[in-house]
Amino acid sequence: KEWGYSPAKMGIKGTGDERRGQLLELLICGLNGVPVERFDSVDAVSSTAQQYIALHAMTVDQMKEQCKEWHMPQHIKLKREDYLGRLQFAILWWEMPMRELEKECKEWGLPSISDLSLPKDEEEKRG
């Protein structure tokens, strides 16, 4: 499978076993559902995967509680898979780099940071 990521973009360095370990980490994270190509570092990919794995170990009640803690809407009739998907999206958005978050906002029809910036004259008034 072609994942569309660049080892250089991910900051994969070192030789031999170090490099091999980082590449294996990316592959395993990808198998756990993390869109590796959207990240800039192995650490961010790994953190996302660890959180995904923790979610899979949660009960529905624990997922509901996590949604509540993160101020996410709760619905009585949601299934476990629905909570899992919503929480995975939240983790992904939290961990991904700004340029990917901006793309995600655009896909959802939400304003991005650049859309929310103040007009030039307003910035000067506040400066």
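Ala 49 counts as buried at 4% relative accessibility, where buried means under 20% relative accessible area, exposed over 50% and partly exposed in between, with a 1.4 Å probe and protein chains only. This alanine lies in helix H2; helices here are DSSP runs of H or I with at least four residues, strands are runs of E with at least two, and both are numbered from the N terminus. Ala 49 touches Cys 29 and Val 34, not counting residues up to four places away in sequence, and contact means heavy atoms within 4.5 Å. Its C-alpha atom is separated by 9.6 Å from that of Glu 25, 24 residues apart along the chain.

A word on how to read these values. This is a predicted model, in which local features need pLDDT of at least 70 and side-chain atom pairs count only at pLDDT 80 or more, while totals for chains, interfaces and linings use all residues. Residues are numbered from 1 along each chain as its sequence is written, and side-chain values use heavy atoms, with hydrogens and water left out.

**The chain and its core**

The protein chain has seven helices and zero strands, giving the pattern α-α-α-α-α-α-α along the sequence. Of its 127 residues, 28% are buried. Among contacts with a separation of 6 or more, 41% join residues 24 or more positions apart.

In soluble globular proteins, nonpolar side chains tend to be buried together. A nonpolar core is taken here as a set of buried Ala, Val, Leu, Ile, Met, Phe, Trp, Tyr and Cys residues joined through side-chain atoms within 4.5 Å. The largest such core holds 25 residues, and Met 10, Leu 26, Val 34, Phe 39 and Val 45 touch the most other members. Helix H1 (17–31), helix H2 (42–56), H3 and H4 are the elements that give two or more residues to this core.

A pair of aromatic rings is described by the distance of the centres and the angle of the planes. Rings of Phe, Tyr and Trp (its six-membered ring) pair if their centres lie within 6.5 Å; planes under 30 degrees apart count as stacked, over 60 as edge-to-face and the rest as tilted. By this rule the count comes to three aromatic pairs. Phe 89 and Trp 93 are stacked, because their ring centres are 5.3 Å apart and their planes stand at 25 degrees. Both residues lie in helix H4, four residues apart, about one turn of the helix.

Phe 89 also forms an edge-to-face pair with Trp 108, at 6.2 Å centre to centre and 90 degrees between the planes. This pair links distant parts of the chain, 19 residues apart, since Phe 89 is in helix H4 and Trp 108 in the loop between helix H5 (98–107) and helix H6 (113–116).

**The largest pocket**

A pocket is found on a 1 Å grid over the protein atoms alone, as an open set of points with protein on both sides within 12 Å along at least five of seven lines; a 1.4 Å probe fits at points of a cavity but cannot get out, and lining residues have an atom within 4 Å of a point. The largest pocket has a volume of about 190 Å³, a volume being the space filled by probe spheres set on the points, which are joined across faces, edges and corners.

Gln 51, Trp 70, Ala 90, Ile 91, Trp 93 and Trp 94 line this pocket. Helix H4 (residues 80–95) gives the most to the lining, with four residues. By class the lining has five nonpolar, one polar and no charged residues; Ala, Val, Leu, Ile, Met, Phe, Trp, Tyr, Cys and Pro count as nonpolar, Asp, Glu, Lys and Arg as charged, and the others, Gly among them, as polar.

| Residue | Relative accessible area | Class |
|---|---|---|
| Gln 88 | 17% | buried |
| Trp 93 | 28% | partly exposed |
| Phe 89 | 37% | partly exposed |
| His 75 | 38% | partly exposed |
| His 71 | 74% | exposed |

Gln 88 lies in helix H4. Leaving aside neighbours within four places in sequence, Gln 88 is in contact with Tyr 52, Leu 55 and His 56.

His 75 is found in the loop between H3 and H4 and touches Tyr 83 and Arg 86, not counting residues up to four places away in sequence.

His 71 is found in the loop between helix H3 (60–69) and H4. What is the phi of His 71 near? The value is near 60 degrees, positive in a residue other than glycine. Most residues other than glycine have a negative phi.
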